[in-house]
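Student: Please take one part of this model and go through it closely. I would like the cut-offs stated along the way.

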Amino acid sequence: MKRLPAKLRRGLLWTGLAVVLLFGGVVGTGYLVLRASLPRTSGTVVLAGLSGPVEVSRDALGIPTFRGRTLVDVVRAQGFVHAQDRFFQMDLTRRYAAGELAALFGPFAVGNDRFMRVLQYRRLAGRVLSGLPSRHRVLIDAYAEGVNAGLADLGARPPEYLLLRSKPAPWLAQDSVLVLYFFMHTQSINHILEKPLGVMQATLPLALFEFLTPDTSRFDAPLIPDPNETTSSGPLPIPGPDVVDLRGRAPRPSGRDIVRPLGTSVPGSNNWAVAGNRTAHGGAILANDPHLTLTVPNVWYRAGLVWDDGAIRGAIQGAGPAGIPGIIIGASTFLAWGVTNSLADQNDLVVVEVDPADPSRYLTPDGPQPFERVVETIEVNGDESRTLEIRVTRWGPVTSTDWLGRPLVLRSPALGPGGADFLIFDLFTATSIEQGIEILRRWRGPSMNWLLAHRDGRIGWVLGGYLPRRIGYTGKAPVSWADGSRHSDGELDESQRPTIVDPPEGVLYTANNRTVPTEISRRLGHTWVLPVRASRIAERLAEKDTFTERDLLDIQLDTRSRMHDLARDIVLEVVAAGETDETLVQVRRHVQSWNGHADTDQIGFRLVVRYHETLQERILTALLVPAIEADPSFRYNWPLADEPMRRLLETRPDHLLPPGHDDWPDFLRSALVETIQRIESGDGPGLDATWGEVNRAAIIHPISLALPALGRLLNMPADPLPGARTSVRVNTPSYGASLRMAVSPGHTETGLFHMPTGQSGHPLSPHYRDGHRAWVQGLATPFEPGPAVSSFTLE
């Protein structure tokens, strides 16, 4: 090849060097700008509104402890630090609730904004804020002022706003109410299950509808058992051939997109408390692991708040969502508290009957009334704004339509007066378990199972949140309120609110299961989660007389999944010891060696999980044909769907055999072959894959969805995760324990705590992911923050 002239070579060399320097300068400048947006760790800052200085110290994991004169002062400082570590997350949360994401992200977020704007949470948040008692309002205001001061103190905008080429909008006091509404909206989900039930109720015989929507299970472990029940629930009566007979019907394709896999329809969490007479140190211990969608950063932010003005002293430690001041799960000097979603039904879907003579009006017990029309403007970044017209009735806004096209109103306490407050702040200074119970009885928010542990060794449970009193209907499916025979009449009397203090067994536990006798539970709701976690927790708590915090962490990490014993037994029945098909022999060998746990090294568990899903899909889809044909969008996601499937597999009635098979053994073998084919034809690993190979973490930062190239920088590693939705240790790739805590007030030095990701939302921070490994491995890391490695002062 001919050599280039020397002059040209020198020119190309200088050009290349200039490009390298230019690129290096751009990268270097970008890096410096990103570094400038890291949180403060030293120095002194003037923060208006403080009554005295606040010291902010951080330990090796970046967990801050705030020490100041008053609770208001340390909450103001907490807002300052939340803004510097997590403002983008806070911004997304308030925008999601308010329906204002498109103003930041552009047209692709308009659909979400249309859905959320109908609820008008921004307007409602202002109403809640104006009605707060002064002791709560002063905390919300101080926190908001601290947030904006923290933003102003940064040397550059948080990095997400640099990518989006936008500026963060100031934090308003009402934005903390929007964060509360976000949790109410995502945790109060019963109405989502009501829409498909409306289709089922209209198209299926009553006996079949009730069979497919049970509210009891053979695994039930209620805190308050019914003395008239010899077992937690009797067997479901199977509909006879006079009700439904599948013989002679044509087979349908599998209902993989119609029958949702086990446990995917409702959220979950675990908590339990052990009284002091059953602990090694004599103090009551509370354990909590709330299950949420796992994201980067984590929903929780750890902190310690200490205040002392000479007359009033207080200290709280634990975690709360960035955007709300204080601690939501944790401990004070006197009390520890934790929550699970109770799944008590707070919401209803009301069928609106439009006046046939005038579509601008709807029928009510007082005659036709006009729809109120509310017009909202949705701002869209980089595009024209959108106009949204909302129809509002006396019962609430029209949020959707049913399968017949009739308008549906969401009736929710969150949308009415008195449906949300911050009474939980009073827990920070409560000194007795009776005070704590009374606070949580009066608190209004999403319905939660609150457990309390006191430093004197006592424990208690209360079902918190608004509990509606229904007249003329159950709340299980949408109904019309037009004639007045069905309506909601305020709240249940407080005497009907379930509460337990000082149980004789010395333990309390909840896991989104039915906690009370069926007669009482049906006043509260119907959609209880399959109680396999609750029954396993009860079993583990009965194994010992005395517990430590480490013992309770071991229970939180329990991976036993007895739900899948049935699928294992059927595989071993279908594939006999003398089987000649090599693939089926391979499957039998893996399943037979399964240890009964959702452990990462188990091949057999992955197989029984998939087989269980196939059995449920094919057995129940055959019974749901009328609903499927009536509504193409129909989806069956009943939380206790496992129970009717088990009843059919136990009895194997001829008239309910899925069509296309000679007998039940033929069907069971066919379903197993289909499971194998799905696995082998899928994009994932084959039949020899372990559970850890398919259950890998997918814990991602929202920005990486739009910019996948940043995934390596922003997302957590794809670790193999032990556990499943059916074990105490709940783990799916992006859903699981958002924290694990075991703590005793008065003995917090022996408490344990870990959570995924890290404290900071800034990818260049050393605390972006430094707590993650302890969560993945289930390490017994301390509840209390460690020694300070940095500090600064707010004056």
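Tutor: The largest cavity has a volume of about 340 Å³. The model is predicted: local features need pLDDT of at least 70, side-chain atom pairs count only at pLDDT 80 or more, and totals for chains, interfaces and linings use all residues. Residues are numbered from 1 along each chain as its sequence is written, and side-chain values use heavy atoms, with hydrogens and water left out.

A cavity here is a set of points, on a 1 Å grid over the protein atoms alone, where a 1.4 Å probe fits but cannot get out. Points are joined across faces, edges and corners, and the volume is the space filled by probe spheres set on them. Across the whole structure, the search finds eleven cavities of 30 Å³ or more.

The largest cavity is lined by 21 residues (each with an atom within 4 Å of a point). Phe183, Trp300, Ile328, Pro446 and Met448 lie nearest its centre. By class, the lining has 15 nonpolar, five polar and one charged residues. Nonpolar counts Ala, Val, Leu, Ile, Met, Phe, Trp, Tyr, Cys and Pro; charged counts Asp, Glu, Lys and Arg; the others, Gly among them, are polar.

Helix 8 (173-187), strand 5, strand 9 (335-341) and strand 17 (448-454) each supply at least two lining residues. Helices (H or I, at least four residues) and strands (E, at least two) are DSSP runs, numbered from the N terminus.

Take strand 5 next. Eight of the nine residues of strand 5 (residues 285-293) are buried, so it is largely enclosed by the rest of the structure. Buried means under 20% relative accessible area with a 1.4 Å probe, protein chains only.

Its partners follow. Strand 4 (residues 268-274) pairs with strand 5 in the antiparallel sense over seven bridges; pairing requires at least two DSSP bridges. Asn270 stands opposite Asp289 in strand 5. Strand 26 (residues 740-743) runs antiparallel to strand 5 and is joined to it by three bridges. There, Asn288 stands opposite Met741. Strand 25 (residues 735-737) also pairs with strand 5 in the antiparallel sense, over three bridges. In that pair, Leu292 stands opposite Gly736.

One residue ties into this region. Leaving aside neighbours within four places in sequence, Leu552 is in contact (heavy atoms within 4.5 Å) with Trp272, Val274, Ile285, Ala287, Leu541, Phe547 and Ala742.

Definitions and conventions:
Buried < 20%, exposed > 50% of the residue type's maximum accessible area, 1.4 Å probe, protein only. 1 Å grid on protein atoms, 1.4 Å probe; cavity = no way out; pocket = protein on both sides within 12 Å on 5 of 7 lines; lining within 4 Å.
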